[in-house]
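Thanks for coming, everyone. Please look at the screen, and keep the structure in view while I talk.

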Amino acid sequence: MRRLWLLFAEFVTVTLAIIFVITLVRPDWTPWRRNVVEIRESAQSGNGTVGGLLGGFSATGLQGTSPRGGYTDAAKKAMVSVVNISASRSATTSANKRSRSDNPLFRRFFGLPDNKGEADEPQNNPREGSSSLGSGVIVNADAKGAYILTNDHVVQGFREIKLALADGRVLDAKITGTDPETDLAVLRVEGAGLTPIVFAQSDRAQVGDSVLAVGDPFGVGQTVTMGIVSALGRNRLGVNAYENFIQTDAAINPGNSGGALVDINGNLLGINSVIYSQSGGSLGIGFAIPATMAKDVMEQIIANGAVTRGYIGISPQDLTPEIAKKLNLDDTRGAYIARADTANPAYKAGLRVGDVITAINGKPVQDSIAAMSIIAALKPNATAVFSYIRSKKAAEATLTVGKRPARPINIEPIAE
């Protein structure tokens, strides 16, 4: 009897062991588990780049436990800092808008067909006696009021600018200063209880990061769209003198200009500025000015009323394979000096037409756009060292940086 009991115990033990192994290795062989769905959960991301698909994000930037999940917390955090901008339209403003909209490059980015002008603007504007121009972002606030960051083309040529806040208030705003070369403008509004947005470090953004676009497209009201960072460093669109756009497929339409592009923590990555469209609506190709660039421009405008940039008096161009071959160079990296004004710092320091700039203060120069961006960031009256190549020989020139003269920009990316 005892022997039979031992045999039974061994049988049960072996059977349970076999079932346990099958459950681990091939759970689909266990009929009682056929209704169980196996899922893969993403691990929490330390920088908040992924996530978002499984849970919300708190205002502190950490993954939250929002019952709705998604991007609710990020959207709420950003929306209180985004405003609608409208203004009274004057006769001269209408004429200016119409003449600028005839520019082919402007029409290509706005998505307008030929000969489409002022009469094609939306006629169902809910604000009587005013025109909805675009959006803006509250970037700084104190006890008396706040500063608003937006696009220069949103407020250019308009008067009696008004801001519609997320809480329903409508306040008057004045232009503190503008920078047409980056298409940025700063407004000042007086009022209490305004919430500034938190700036993200846009230079840490990566292609594939999830982003939200917050603005007031077509004047319908505050709207949030979602997408990803499609590309970084877009700089050959030809719409601004200084370009370093973040490209995104988040839906950006007319009216979003000046609005916020935020990360999944609700922090500002960029100012929405340009769309590429054949129809006037979003085709998934939008561009935003990085928050880092916008912050630098904003601080200079608030402090000085304008942006001061470095100037050395040259006209650089890309070092093409043809030019490199002519100069007996094996590399096309660098900026070829196509023109050098004799009365300006570069010529006085010894730089000449035909020289190839390879570095400025130790920063490598990849092409003409990189050269102009580095030069613009130099402070007037500061000393700068330019590394260059002449006749296949490397050399250096030390010069005193001048102040870039103001130059009007005649191309307007989006007309709202």
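Start with Ser 202. Is Ser 202 buried or exposed? Its relative accessible area is 7%. The cut-off for buried is under 20%, so Ser 202 counts as buried. Keep in mind that this is a predicted model.

Where does Ser 202 sit in the chain? Find the loop between β6, residues 184-190, and β7, residues 210-215. Ser 202 lies in that loop.

Now, what does Ser 202 touch? Skip its neighbours within four places in sequence. Then Ser 202 is in contact with Ile 246, Leu 269, Pro 290, Ala 291 and Thr 292. Two of these names come back when we look at polar atoms. The side chain of Ser 202 makes a polar contact with the side chain of Thr 292, at 2.7 Å. A polar atom of the Ser 202 side chain also lies 3.5 Å from the backbone nitrogen of Ala 291.

Zoom in on one pair. Strand β10 covers residues 260-263, and strand β11 covers residues 268-275. They pair in the antiparallel sense over three bridges. Which residue of β11 stands opposite Leu 261? That is Gly 270.

Now the inside. The largest nonpolar core has 30 residues. Which members touch the most others? Leu 149, Leu 184, Ile 197, Ala 260 and Ile 271. The largest share of this core, five residues, comes from helix α6, residues 291-304. Another core lies apart from it, with 20 residues, among them Ile 312, Val 365, Phe 386 and Tyr 388.

One last stop: Val 83, in strand β1, residues 82-88. Its relative accessible area is 2%, so Val 83 is buried too. Val 83 and Gln 222 are 139 residues apart in sequence. In space, C-alpha to C-alpha, they are 8.0 Å apart.

How values were computed: Residues numbered from 1 in each chain as written. Predicted model: local features only at pLDDT ≥ 70, side-chain atom pairs only at ≥ 80, totals over all residues. Heavy atoms only, no water. Helix = DSSP H or I, 4+ residues; strand = E, 2+ residues; numbered from the N terminus. Buried < 20%, exposed > 50% of the residue type's maximum accessible area, 1.4 Å probe, protein only. Polar contact = N/O pair within 3.5 Å; in protein donor to acceptor, adjacent residues only side chain to side chain. Contact = heavy atoms within 4.5 Å. Core = buried A, V, L, I, M, F, W, Y, C linked by side-chain atoms within 4.5 Å. Pairing = 2+ DSSP bridges.
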